[in-house]
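Colleague: Good morning. Could we go through this structure together, please?
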Amino acid sequence: MRDAFAREMTALAAQRTDVTLLSGDIGNRMFDRYKEVAPERFLNCGIAEANMMSLAAGMALSGLRPVIYTITPFTTTRCLEQIKVGVAYHQAPVVIVGTGSGLSYAELGPTHHSLEDIAILRTIPGLNVLAPADQTELVVQLREALDSPSPSYIRIGKKGEPKLHRNEARLGIGKANLLYEGADLLIIGVGPILAEAILAAKEVAKEGISVAVASLGSVKPMDEAFLERMADQFTTWISLEEHSITGGVGSAMLEWHAARDASSVRLKRLGVPDVFIHELGNQKYTRSRLGLDAEGLARSIRKEFKG
Amino acid sequence: MISTAPSPLDAAQLEATALTLRRRLVTTSAEAKIPHLGSCLSCVELLVQLYWQELHIDPANPEDPERDRFLLSKGHGAPILFQVLAERGFFPIERLANFGKPGSVFHEHPPKPGYIPGIEAATGSLGHGLPMALGMALAARIQKQPIRCYALLSDGECNEGSIWEAALLAASQKLHTLTAIIDFNKWQATGRSQEVLALDPLAAKWGTFGWHAQEIDGHDFAAIAQALLAAREESERPSVIVAHTVKGKGISFMEDDNNWHYRTPNPQELAAALAELEPI
């Protein structure tokens with residue numbers, strides 16, 4: 001995803017004179033091409049994220065469209081107040097990109113896990129909270145974020161994530177998209193972990209369980225029309241996120257259902273439990289430990305299907 | 001390029017303006033019971049010099065893209081900034097009748113731009129204004145706009161790490177269009193700033209961070225003018241003006257008494273304060 005981000009940023013910087021890329025001292029060599037295209041609009045702000053976030057707000061108030069790029073914990077919770085006050089309260093249209101989200105850096109330990117960012121950032125008024133499932137969705141969201149009058153947070157993975165969306169249609173801010181058709185049960189979530197859900201859906205299909213998989217994509221604003229359609233179709237939902245089950249996408253779904261008079265939906269939240277993970281391994285290992293890989297998800301699907 | 005002050009003030013007029021602003025400040029703060037009087041009184045001369053002599057601004061066109069930017073990084077100084085903006089003609093002074101009233105935009109800190117003409121940023125959480133001004137100065141360089149950006153900080157605010165993050169980046173970027181002014185009144189909310197976190201030698205610290213650092217008497221208009229001119233002439237480094245000030249300046253029983261960080265005057269104290277602020 002990060003290579004797609006660098007490519008799209010380079011294209012956007014060539015097209016428009018207001019796009020400015022701010023890096024928190026990461027992305028070695030990744031932005032070489034960008035720097036050839038727009039050297040004056042690239043700034044390594046150092047390992048100083050609070051300052052980087054506030055200065056991005058200042059740039060945006062002066063008419064530029066800054067895009068901040070660093071590892072998710074450091075561009076979210078590290079500088080939360082600068083996001084709240086400088087960016088969101090001012091409605092300064094900054095695009096905050098967190099890379100290596102969720103458990104992408106699982107083996108680096110809790111310092112590099114981001115399992116609370118969605119929960120925290122979706123409480124901030126006027127901030128788009130976006131979590132693309134793949135690079136196709138990321139590219140569309142990035143373009144739209146740079147045209148939006150509001151600031152945006154885009155939560156991306158690292159590299160090598162599979163492509164899940166067939167094309168760009170029905171993607172963007174405020175849009176959810178069905179990735180895999182099914183009839184019995186819906187898995188709705190965010191991020192590259194949805195690839196595991198599709199594998200699980202294929203696995204349980206052999207047993208006659210038909211599972212649909214959807215990318216919510218835009219946690220805020222949410223695609224309520226899409227959710228209405230899904231609620232008419234499915235009574236059993238599973239939310240899935242590489243994020244704490246507290247306050248994230250699953251919680252947002254529960255809030256939505258609770259506020260909707262007609263809902264008779266049963267919703268199971270899958271994600272990371274309310275603990276720090278310090279027995280470390282890579283992302284694959286960690287997903288497996290948490291029951292969030294295809295095998296673990298298939299187990300959860302069978303359980304929910306039987307009710 | 002937009003104009004500076006329509007007719008720059010002479011020394012006596014600057015003093016008279018500062019006196020008027022202090023009178024209005026203590027009066028409205030007493031009526032509205034808005035604190036931080038001591039912090040407002042220490043930066044009156046700095047603001048008067050900036051708004052009447054230094055900044056390229058046009059009160060009739062407060063959103064001109066080529067205006068200089070001034071950010072009150074010490075956002076708790078808003079009560080005096082509101083008085084300055086009204087007196088400078090950004091909005092009618094009658095609007096300040098609402099100061100501190102329920103539902104008013106005029107309260108303890110500046111709101112985001114768009115509500116009060118002349119306000120560039122919502123500050124009040126310390127350590128945000130200087131980095132935002134830095135972003136504006138970087139934007140101006142990218143956009144090739146010949147503007148200068150200023151941030152007024154408190155000494156307590158220099159406790160915040162983000163101030164020093166901004167200081168380091170501004171220096172590496174050789175951002176000579178950025179000027180920080182520190183209202184060094186030697187107090188923060190609950191103690192002597194030097195005792196809370198060792199700031200001294202403050203100007204030397206900024207100097208070693210790569211800034212063009214000057215130390216002045218922050219109540220001396222000529223010294224402020226000279227320092228701002230030197231900052232303007234500096235072509236390599238960002239500038240900091242460490243302005244030695246007195247908290248509560250101008251009212252004898254408030255001077256250097258940190259109780260006036262939070263207290264507001266009762267009617268007797270207001271009368272005594274106003275008696276000291278009579279024009280000579």
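Colleague: Leaving aside its neighbours within four places in sequence, which residues is Ala56(A) in contact with?
Modeller: Ala56(A) is in contact with Leu22(A), Pro66(A), Ile68(A), Val94(A) and Gly135(B), where contact means C-beta atoms, placed from the backbone, within 7 Å. This is a predicted model, in which local features need pLDDT of at least 70 and side-chain atom pairs count only at pLDDT 80 or more, while totals for chains, interfaces and linings use all residues. Residues are numbered from 1 along each chain as its sequence is written, and chains are lettered from A and ligands numbered from 1 in the order in which they are written.
Colleague: How many residues does the contact take from chain B and from chain A?
Modeller: Chain B gives 22 residues and chain A gives 25 residues. On the chain B side, the elements that give two or more residues are helix H5 (129-143) and helix H6 (161-172); helices here are DSSP runs (H or I) of at least four residues, numbered from the N terminus.
Colleague: Which of them gives the largest share?
Modeller: H5(B) does, with eleven residues.
Colleague: Turning to helix packing, at what angle do H1 and H3 of chain B pack?
Modeller: H1(B) (residues 11-32) and H3(B) (residues 44-54) pack at about 120 degrees, with their axes 10 Å apart. Axes are lines fitted to C-alpha atoms over the stretch in contact, and angles run from 0 to 180 degrees between N-to-C directions.
Colleague: Which residues meet there?
Modeller: Leu14(B), Thr17(B), Ala18(B), Leu21(B) and Arg22(B) in H1(B) meet Val44(B), Glu45(B), Val48(B) and Trp52(B) in H3(B).

Technical notes
Contact = placed C-beta atoms within 7 Å.
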